[in-house]
Amino acid sequence: MTYGTRISGLGDYRPSTIISNEDMAKLVETSDEWIRTRVGIANRRKAGADETVVTMATAAGAKAIADAGIDPTEIDLVLVATCSLLATMPHAAPRVAVALGIPSPGAVDINAACAGFCYALSFAADAVRGGTARNVLVIGAEKLTDITNWEDRNTCILFGDGAGAALVSRSADGSEGIGPVVMGSAGELSEFITMNDKLQMVMEGQSVYRWATGVLPTVVREILDRTGIDAANLDALVLHQANLRIIDSVARSLHLPESVAIGRDIVESGNTSAASIPLALTTLRETGEVTSGDRMLLLGFGGGLSYAGQVITCP
Amino acid sequence: MTENEILAGLAEIINEVAGVPADQVAADKTFTDDLDIDSLSMVEVVVQAEERFGVKIPDEEVKNLKTVGDAVNFIKAGAAA
């Protein structure tokens with residue numbers, strides 16, 4: 001027995017503290033103009049001491065469950081995509097599950113850095129499709145400000161904190177609301193995004209930019225091919241929010257129609273790694289740029305280097 | 001491929017990536033000062049030029065490409081190799 005899948009709910013959590021470019025200019029030699037033109041960021045959120053990967057993931061998960069309108073006892077699996085849990089044990093997912101009142105589900109963290117959410121979403125869809133789980137809670141949650149080098153002006157301006165979640169459920173009629181995933185990696189380029197001995201992110205931005213702008217348009221076309229739709233049938237393109245210039249470059253090279261909404265949550269949220277795609281999704285929905293039934297192409301990419309993406313239907 | 005064909009192709013790429021009118025792209029123009037192309041736009045120009053002309057332009061070579069003419073010559077040599 002196999003089942004159709006759908007995204008039944010979305011949720012997010014954004015820390016209340018906003019760090020502007022002017023705030024960044026007080027920490028390192030930079031300017032609002034430089035940051036906006038190079039990466040397109042205006043503000044990012046910073047979690048406080050009481051806001052952790054687990055608490056933020058829990059808050060986003062609770063909203064997704066409420067949005068879907070299902071009972072937590074019907075969730076059989078919790079997946080948390082994160083790369084910023086400082087102590088990797090105990091992992092986040094079991095603690096998120098218990099905080100949400102989900103009784104003893106399967107619970108595992110997934111680390112594919114900025115691609116983590118789309119990987120987790122594909123595993124969730126497969127679990128529902130195959131009957132392993134009735135509902136799967138997928139969460140991307142990051143406290144990147146914990147692993148940021150605040151003395152490196154090339155990277156510290158980029159990162160923010162937050163969490164976004166999606167609930168994956170069976171569709172009532174067997175239809176597919178989560179399309180086939182395209183995933184891959186380039187481990188030979190893994191040194192482009194690493195962590196130093198203080199557990200701070202180190203990135204060769206220009207090399208990553210080159211890889212991303214070169215590879216991603218091809219991956220997007222492959223996702224469209226496997227899904228069996230044209231770019232003209234898309235309602236939204238939601239790439240990992242790494243750099244607005246990458247997003248605009250990929251969108252431009254695909255010659256997307258004007259009607260396609262582009263996720264640009266990076267402007268207000270910065271780069272939140274595994275959380276960036278679900279955060280961009282909830283923003284697009286709140287602004288009305290996408291509505292229920294819209295088809296959205298998601299593509300996460302980054303550390304590893306690795307990528308994964310698929311087309312989903314907006315709940 | 002002739003130098004003029006490569007120049008015309010580069011002009012198209014530069015127009016698409018950076019919005020510089022194609023007729024302003026000439027061999028003696030510098031990418032940074034004359035055409036106002038920053039390092040990230042330059043990366044995109046290089047990626048698209050590699051695809052279009054079937055050449056490899058390594059990162060360490062990119063910084064030697066000061067003018068459009070430098071790029072034309074590098075691409076011509078690479079395409080002939």
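The model is predicted: local features need pLDDT of at least 70, side-chain atom pairs count only at pLDDT 80 or more, and totals for chains, interfaces and linings use all residues. Residues are numbered from 1 along each chain as its sequence is written, chains are lettered from A and ligands numbered from 1 in the order in which they are written, and side-chain values use heavy atoms, with hydrogens and water left out.

**Stop 1: the boundary between the chains**

Select chain A and chain B together. Here 13 residues of chain A are in contact with 15 residues of chain B; contact means heavy atoms within 4.5 Å. About 1,200 Å² is buried between the two chains, and carbon and sulfur atoms give 44% of that area. Buried area is the accessible area (1.4 Å probe) that two parts lose on being put together, summed over both.

Between chain B and chain A there are 5 salt bridges, a salt bridge being a side-chain nitrogen of Lys or Arg within 4 Å of a carboxyl oxygen of Asp or Glu. Side chains of opposite charge can pair when their charged atoms come close.

Next, display the helices of chain B. The helices α1 (3-18), α2 (39-53) and α3 (59-62) each supply at least two residues of the side of chain B that touches chain A. Helices (H or I, at least four residues) and strands (E, at least two) are DSSP runs, numbered from the N terminus. The largest share, 8 residues, comes from α2(B).

**Stop 2: two pairs across the boundary**

Select A:Arg210 and B:Asp59, whose side chains meet in a salt bridge of 2.7 Å, N to O. Then select A:Arg38 and B:Asp38, which form a salt bridge with their closest N and O atoms 3.6 Å apart. Because A:Arg38 lies in helix α2 (residues 32-38) of chain A and B:Asp38 in the loop between α1 and α2 of chain B, this pair joins two chains. B:Asp38 has a relative accessible area of 22% and is partly exposed; buried means under 20%, exposed over 50%, and partly exposed in between (1.4 Å probe, protein chains only).

**Stop 3: a network in chain A**

Select A:Asp12, A:Arg14, A:Lys63 and A:Asp265, which a network of salt bridges links. A:Asp12 pairs with A:Arg14, the closest N and O atoms being 3.4 Å apart. A:Arg14 also meets A:Asp265 in a salt bridge (3.3 Å, N to O). A:Arg14 lies in the loop between β1 (5-13) and β2 (17-20), and A:Asp265 in the loop between β12 (261-262) and α8 (266-269), so the pair ties together parts 251 residues apart in sequence. A:Asp12 is buried at 6% relative accessibility, and A:Asp265 is buried at 8%.

**Stop 4: the largest nonpolar core**

Select A:Leu237, A:Ile246, A:Leu297, A:Leu299 and A:Phe301, the residues with the most contacts inside the largest nonpolar core, which has 49 residues. Such a core is a set of buried Ala, Val, Leu, Ile, Met, Phe, Trp, Tyr and Cys residues joined through side-chain atoms within 4.5 Å. Among the elements giving two or more residues to this core are β13 (295-302) of chain A and α2 of chain B. With 9 residues, α6(A) gives the most.

**Stop 5: A:Tyr119**

Finally, select A:Tyr119 in helix α5 (residues 116-129) of chain A. Is this residue buried or exposed? At 13% relative accessibility, A:Tyr119 counts as buried. Not counting residues up to four places away in sequence, A:Tyr119 touches A:Ala112, A:Met183, A:Gly184, A:Ser306, A:Tyr307 and A:Ala308.
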